[in-house]
Amino acid sequence: MNFKLLSLAVSGILTVGVATSAAAVVTTSPVRQSTDLTEFNSVHSQGAIAQTVEEQTNIRVYEKASPAVVTVDTDKSNGSGTIISPDGMVLTNAHVVSAGGTVNIILSDGRKLVADVIGFGEDGLDLAVVKIRDQNNLPTIPLARPGSVKVGQQAFAIGNPFGQFQGTFTVGIVSRIDQQRGLIQTDAAINPGNSGGPLLNSSGELIGVNTSIFTRGRGGGNIGIGFAISADKVPAFLTAVREGRAPRVAQARSPFGNKSPEKVALNGPAVSGLLTEKSSVLPTDNSFFDLYSFEGKAGQQITIEMKSQEIDPYLILLGPNQREIAQDDDGAGSKDARITVRLPADGTYTLVANSYQARQSGAYTLELKASAPTTPSRAILQEEGALVAGGPVLPSDNSLYREYTFEGRSGQSVAISLESTDFDPYVAIFDPNDRLVAENDDGSDSTKNAFLTVTLPATGRYRVIVNAYDASGRGRYTLTVR
């Protein structure tokens, strides 16, 4: 099954095991004096010389820009940012600091400073500025000249992926420029936690603000398709911030722009739709989509099917807090899509009727069936335990965890809840092949308890990881899988 993740989460991605590639090994040998250029060129190939020049560029860009790249740390998440003025103005993503107020800034040298959120982008522009208090003469990164970015040029990203690796530097190229949406596509590796960090050119200038990725699988890892907001959009935004015209609170933001969903009813008649060139376009892959919304109740089991003879249907379901609940490509057989889940909370759910491939046009039907809201009667797994000092910890962030297993079957729908009054719970489920199926921090905006509803992709033994959101988490919990 394939998955599309629409936006880049900022932190809290559970990493149970981290694999790193082997470091490059450089060997040296005695140097022979020679004036024979033919012999020199045969030993020192043009590729080796080009690689040396490329490495020098990488080193120069990193040493020039990295002192001005910071971690932006909030109560709930963290991302990255770029210092753009000596007195401490930091450019980042709006979704990193959406709660507003004060945040903590961690400089490249490890200093922790307090900053105030002073402005947000409008009309869906995912930018924000925070101002570090009582600072001057800070290092900065300049903006590239408007319109100077070209497809094929080198691109460099610096940030704090997964909230654990501040100062990470990755290299790629500009793969594509989306002029309509003001986005730069790059294959420079960006991951959750890079949100708000800079995308740079070979002069160390800001060409974009890293904001989202397109990926396969619910783990949300980089597959070489990342997006940055073009720096061409930054000057007007900064002017609005400096003049006091920028909003001081986060604007309502959706990965689907300003499009209003069509309201539909559960257990109502089938909906007929048509994706065309006039439909809205998903910016991550240029596929057409329609939006629908419905009212759901906690505990309701729903089944949504999208069928078509003309396109390859794709469904995405978002919860009342606009977080992903489920998505599916071919779950209904053939190329038709089906989502079967138990709703985690009362509220308005958003359904994206999409195509798997870019710019597919055609008719489709949509059916939404639901049971009465009930509490699942049978617990597959129910455990009470405690995270205590001395227990196993995740190497990525030193947070405590416990592991449980259960037997599941392909297509089975399960609801997982992790509750605690002592710490902020975090839960993840891995399939029989040790692939991450899903994870969650907060089941809704009103609770810190974690909740997941998933359709199991295979038959076999599943692992559930009980975890704390950060390294300070200690205390008792209750885990239930139904």
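In which strand is the place of E439? E439 sits in strand β27 (residues 436-440), where strands are DSSP E runs of at least two residues, helices are H or I runs of at least four, and both are numbered from the N terminus. This is a predicted model, so local features need pLDDT of at least 70 and side-chain atom pairs count only at pLDDT 80 or more, while totals for chains, interfaces and linings use all residues. Residues are numbered from 1 along each chain as its sequence is written, and side-chain values use heavy atoms, with hydrogens and water left out.

With a relative accessibility of 17%, E439 counts as buried (buried is under 20% relative accessible area, exposed over 50%, partly exposed in between, with a 1.4 Å probe and protein chains only). Its side chain makes a polar contact of 3.2 Å with the side chain of Y426. A polar contact here is a pair of N or O atoms within 3.5 Å; within protein, one must be able to donate a hydrogen and the other to accept it, and residues adjacent in sequence count only if both atoms are side-chain atoms.

Q327 is another buried polar residue, at a relative accessible area of 3%. The side chains of Q327 and Y314 meet in a polar contact of 2.9 Å. Q327 belongs to strand β19, and four of the five residues of β19 (residues 324-328) are buried, so this strand is largely enclosed by the rest of the structure. Strand β18 (residues 313-318) runs antiparallel to β19, joined by four bridges, and I316 has Q327 as its bridge partner. Two strands pair if DSSP finds at least two bridges between them.

Now for the barrel: six strands close up in the order β1-β2-β3-β6-β5-β4, with antiparallel pairing. Neighbouring strands here are turned by 40 degrees against each other on average, direction ignored; axes are lines fitted to C-alpha atoms, for helices over the stretch in contact, and angles run from 0 to 180 degrees between N-to-C directions. Strands β4 (residues 102-106) and β5 (residues 112-120) share five bridges, and V103 stands opposite A115 in β5.

Helix α3 lies across β3 (89-92), β5 and β6 (128-132), at about 135 degrees to β3. V234, F237, L238, A240 and V241 are the buried residues of α3. They span an arc of only 160 degrees around the axis, which puts them on the same side of α3; the arc is that of the directions from the helix axis to the C-beta atoms. A236 and R242, on the other side of α3, are exposed. The buried residues of the helix pack against β3, β5, β6 and β12 (226-230), with contact meaning heavy atoms within 4.5 Å. Just past α3, G244 takes a positive phi of about 80 degrees.

The largest nonpolar core has 44 residues, and L91, V97 and I105 have the most contacts inside it. Such a core is a set of buried Ala, Val, Leu, Ile, Met, Phe, Trp, Tyr and Cys residues joined through side-chain atoms within 4.5 Å. Helix α3 (residues 234-242) gives the most to this core, with five residues. A second, separate core of 28 residues includes L266, I304, A353 and L366.

Finally, an open sheet of four strands runs β23-β30-β25-β28, paired antiparallel. β23 (381-387) and β28 (450-455) are at the edges with a single partner strand each, so one side of each has no neighbour in the sheet.
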